[in-house]
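Me: Could you take me through this model, starting with the charged side chains?

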Amino acid sequence: MNLFRLDASIRTEGSVSRALADTAEQAWLGEHPGGVVTRRDLGVQPLPGDAWTALAHEVVNPAAPAPAEAHELLDRLGAELLAADAFLFAVPMYNWNVPEQVKTWIDLILKHPQVGIHGDQPLKGKPALLTLSRGGGYGPGTPKEGWDYATPYMRRILADVLGLDLQIAEAELTHAFWNPEMAHLKGLAEESMKTGYEQAAEHGLRIAKLSTV
């Protein structure tokens, strides 16, 4: 069995999205002790920003084909997804949306002839988990209600465009653990973190069981 895991946080230590994903990964490996985890870490190794531009440009200007490296990268990204039985995406919210490196990855895979928007949804129905972390609070009644553009965007891409059977584990108010101005929210942050870990373990087990089918 093959679990594809994508990380996006620029923090390799203290990252909540990574920690939630670690919990889910361990649950998956508990069901598949001999399973393979294919890793793509965009926080440590972001993709080149000009690859998509070159690939898109050749569509409108066939006389100027994209470099071979751009096509080879697109092939590798697609192959990673096509080989997977289950998926784990660890994404923090930066500036109320997904990190730039995640958007670059999405733009590229959507150009893949099989996986992308012109393909036939070869990943449809496969189990997936998105672990999300948000520094503030964005629920109903909060001052920034409606400012979270990351969660609906990732759901739209992963569930609706790629067709994955998506679950979400999330934790918010994470900045309360270090920002003195948010100290009064630490209790709520701890509750959210606890729920996030519980969701990660539960959904990690779920995608493990579904990926055996």
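**Salt bridges, rings and selected residues**

Me: Which residue forms a salt bridge with Asp7, the closest N and O atoms being 2.7 Å apart?
Reply: Arg5 is the partner of Asp7 in that salt bridge (a side-chain nitrogen of Lys or Arg within 4 Å of a carboxyl oxygen of Asp or Glu). Please note that this is a predicted model, in which local features need pLDDT of at least 70 and side-chain atom pairs count only at pLDDT 80 or more, while totals for chains, interfaces and linings use all residues. Residues are numbered from 1 along each chain as its sequence is written, and side-chain values use heavy atoms, with hydrogens and water left out.

Me: Are Arg5 and Asp7 buried or exposed?
Reply: Arg5 is buried, its relative accessible area being 3%, and Asp7 also counts as buried at 6%. The cut-offs, taken with a 1.4 Å probe on protein chains only, are under 20% relative accessible area for buried and over 50% for exposed, with partly exposed in between.

Me: What about Arg5 and Glu25, how far apart are N and O there?
Reply: Their side chains meet in a salt bridge with an N to O distance of 2.7 Å. Arg5 belongs to strand S1 (residues 2–7) and Glu25 to helix H1 (residues 16–31), so this pair ties together parts that are 20 residues apart in sequence. Helices (H or I, at least four residues) and strands (E, at least two) are DSSP runs, numbered from the N terminus. Both Arg5 and Glu25 are buried.

Me: Which residue does Arg18 meet in a salt bridge?
Reply: The side chain of Arg18 meets that of Asp7, at 4.0 Å from N to O. This pair links distant parts of the chain, with Arg18 in helix H1 and Asp7 in strand S1, 11 residues apart. Arg18 and Asp7 are both buried. Through shared partners, salt bridges join Arg5, Asp7, Arg18, Asp22, Glu25, Arg39 and Asp41 into one network.

Me: How many salt bridges is that for the model?
Reply: The count comes to 15.

Me: New topic: how many aromatic pairs are there?
Reply: There are six aromatic pairs. The rule takes rings of Phe, Tyr and Trp (its six-membered ring) whose centres lie within 6.5 Å; planes under 30 degrees apart count as stacked, over 60 as edge-to-face and the rest as tilted. One of them is the pair of Phe4 and Trp105, which is stacked because the ring centres are 6.4 Å apart and the planes lie at 10°.

Me: Where do Phe4 and Trp105 lie?
Reply: Phe4 lies in strand S1 and Trp105 in helix H4 (residues 100–109), so the pair ties together parts that are 101 residues apart in sequence. Phe4 is buried at 0% relative accessible area, and Trp105 is buried at 1%. Phe4 and Trp105 form one aromatic cluster with Phe87 and Phe89.

Me: What is the phi of Asn95?
Reply: The phi of Asn95 is near 50°, a positive value in a residue other than glycine. Asn95 sits in the loop between strand S3 (86–92) and H4, and its relative accessibility of 68% makes it exposed.

Me: And Gln121, what is its phi?
Reply: Gln121 has a positive phi of about 55°, although it is not a glycine. Its place is in the loop between H4 and S4, and it counts as partly exposed at 26% relative accessibility.

Me: Which helix holds Val16, and what does Val16 touch?
Reply: Val16 is part of helix H1 and is buried, at 14% relative accessibility. Setting aside residues up to four places away in sequence, Val16 touches Ser133, Ala171, Thr174 and Met193; contact means heavy atoms within 4.5 Å. Ala51 is 35 residues from Val16 in sequence, and their C-alpha atoms are 29 Å apart in space.

Me: Last one: where is Gln199 found?
Reply: Gln199 is found in helix H6 (residues 186–210), where it is partly exposed with a relative accessible area of 22%. Apart from neighbours within four places in sequence, Gln199 is in contact with Ile168, Ala169, Glu170 and Gly204. The C-alpha atoms of Gln199 and Thr23 are separated by 9.4 Å, although these residues are 176 residues apart along the chain.
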